[in-house]
Amino acid sequence: MGDTNTGEGSGYDADVAVIGLGAIGSSAAWRLAARGLDVLGFEQFEPGHAWGGSTGRTRLFRVACLEHPGLTPIARRARDLWRELEASSGRRLFLETGGLMIGPPDSHIIKGTLSAATAHDLPVERLDADEIARRFPAHARVDPGDVGVWDPEAGVVRPEAAIVAAVDAARAAGAQVRTNTRVIAVEPDADGVTIRTDDAEYRVRHVAVTSGPWITRFVPDLPLTPHRVVMTWFRAREGRSANLDVLPVFIRSVPGRDTWIWGHGAMPGSRSGPPGDDDGDGFEGFDVKVGPEFDGPFIADDPDAIDRDIHPGETDEISELVAATFPDVEPEPSGVTTCIMTHTPDGQFVVGPTAQPRVVVGGGCSGHSFKHAAALGELVAQSVTGEQPFTDASFLDPRRFD
Ligand SMILES: Cc1cc2nc3c(=O)[nH]c(=O)nc-3n(C[C@H](O)[C@H](O)[C@H](O)COP(=O)(O)OP(=O)(O)OC[C@H]3O[C@@H](n4cnc5c(N)ncnc54)[C@H](O)[C@@H]3O)c2cc1C
């Protein structure tokens with residue numbers, strides 16, 4: 001990026017506009033402002049809202065990333081940035097629990113996890129079915145041939161609190177943030193980009209489009225499909241425990257079924273959380289969370305039109321999977337909500353320059369981007385400024401679909 005003067009007479013209102021301050025955009029705004037750029041961030045709702053891809057109180061964090069070995073350095077960089085945001089916000093955003101992956105030895109869960117572990121010499125442990133049952137009784141129902149991989153660096157991240165902390169950090173670094181402001185047009189040309197809202201127009205040098213499920217409104221050529229996903233929580237059966245200490249982060253096959261589930265145990269309340277936790281610090285407690293491999297058949301072309309109602313029978317299948325897997329967990333959900341997951345054809349994110357001049361994008365969550373979001377924001381910032389990325393992110397290049 002060349003001249004960054006946006007003072008009076010320059011013709012620019014900011015160096016960079018960031019469209020959408022969700023998981024990736026909030027961090028992109030922070031990382032750009034931290035570099036001394038003039039940043040103008042737009043969010044159509046309040047930061048940390050429930051209407052995009054980042055609602056639901058927790059997200060799984062893993063460093064032995066079964067989706068691609070190239071994601072491990074991104075997860076670790078994100079963890080460093082979550083820690084910085086914890087320091088600046090005074091809120092606990094990341095909790096390391098360790099994580100257990102279970103499946104047949106030749107399954108994507110096991111092979112992908114081991115592939116990342118081998119590529120980065122991660123201190124994972126391999127377990128057979130007997131060891132899984134002995135060390136993790138909550139996971140005792142395992143098909144005999146299944147194996148486990150323990151990732152000691154796995155944990156949970158708090159999405160809403162992390163987004164609010166990143167927006168606050170962006171503001172503290174000098175970013176101008178317009179909340180409850182919907183961008184209606186992004187018009188790039190050779191000299192800059194015009195950004196339109198309902199009642200204003202801005203001229204910026206570059207734009208980072210980080211609008212999650214709504215990205216294709218501004219970058220229509222990207223092959224992104226938003227899916228409606230139902231998120232479910234559960235409680236331990238009477239007299240049993242399914243807290244994080246016995247049920248840390250997991251991705252696992254379901255006994256006797258050709259499918260898998262993901263999730264984590266409960267944190268009963270802030271006072272029973274880790275030392276140092278307190279009311280309002282971001283870790284105020286949650287139930288067991290379990291989600292399915294499948295997304296459900298609902299694809300929303302228009303994320304605004306997504307059906308937010310929960311219909312009779314919609315949670316039956318996940319309840320059956322919970323009943324088949326966890327004897328100590330009550331299979332009737334204690335909580336249900338909807339969320340939007342945005343898929344790419346190859347299951348990897350889109351982060352970097354686009355075919356449009358001056359337009360960088362960060363999104364395409366594919367159901368696994370929150371753990372990386374702080375670092376994906378950093379990659380967006382590096383793409384805008386033309387810096388060398390902190391790791392090889394060429395497998396996330398949005399132009400791979402051209
Ligand atoms: C059910 C479910 C479970 C998941 N589990 C995990 C997990 O365990 N681990 C993990 O790492 N990831 C997980 N993910 C993925 C992760 O939560 C999401 O990928 C990620 O949060 C999406 O981030 P984003 O920044 O792309 O989008 P968002 O966080 O949705 O941000 C986009 C923002 O842009 C704003 N916006 C849109 N249009 C405009 C506009 N015109 N003007 C202004 N603002 C606009 C939106 O309001 C929103 O705030 C899961 C996703 C789902 C749905």
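Biologist: How do the residues of the shell around the ligand divide by class?

Modeller: The shell holds 17 nonpolar, 14 polar and four charged residues. Here Ala, Val, Leu, Ile, Met, Phe, Trp, Tyr, Cys and Pro count as nonpolar, Asp, Glu, Lys and Arg as charged, and the others, Gly among them, as polar. This is a predicted model, in which local features need pLDDT of at least 70 and side-chain atom pairs count only at pLDDT 80 or more, while totals for chains, interfaces and linings use all residues. Residues are numbered from 1 along each chain as its sequence is written, and side-chain values use heavy atoms, with hydrogens and water left out.

Biologist: Which residues are the closest to the ligand?

Modeller: Glu43, His49, Ser54, Arg59 and Cys365 are the closest of the 35 residues that surround the ligand; a residue is near if one of its heavy atoms lies within 4 Å.

Biologist: Which element gives the largest share of the shell?

Modeller: Strand β17 does, with three residues; helices (H or I, at least four residues) and strands (E, at least two) are DSSP runs, numbered from the N terminus.

Biologist: What lies 2.9 Å from an oxygen atom of the ligand?

Modeller: A polar side-chain atom of Gln44 does; a polar contact is a pair of N or O atoms within 3.5 Å. For Ala23, a backbone N or O atom lies 3.0 Å from a ligand oxygen atom.

Biologist: Changing topic, at what angle do α2 and α7 pack?

Modeller: Helix α2 (residues 72-89) and helix α7 (residues 373-385) pack at about 100 degrees, with axes 6 Å apart. Axes are lines fitted to C-alpha atoms, for helices over the stretch in contact, and angles run from 0 to 180 degrees between N-to-C directions.

Terms used
A polar contact is a pair of N or O atoms within 3.5 Å; within protein, one must be able to donate a hydrogen and the other to accept it, and residues adjacent in sequence count only if both atoms are side-chain atoms.
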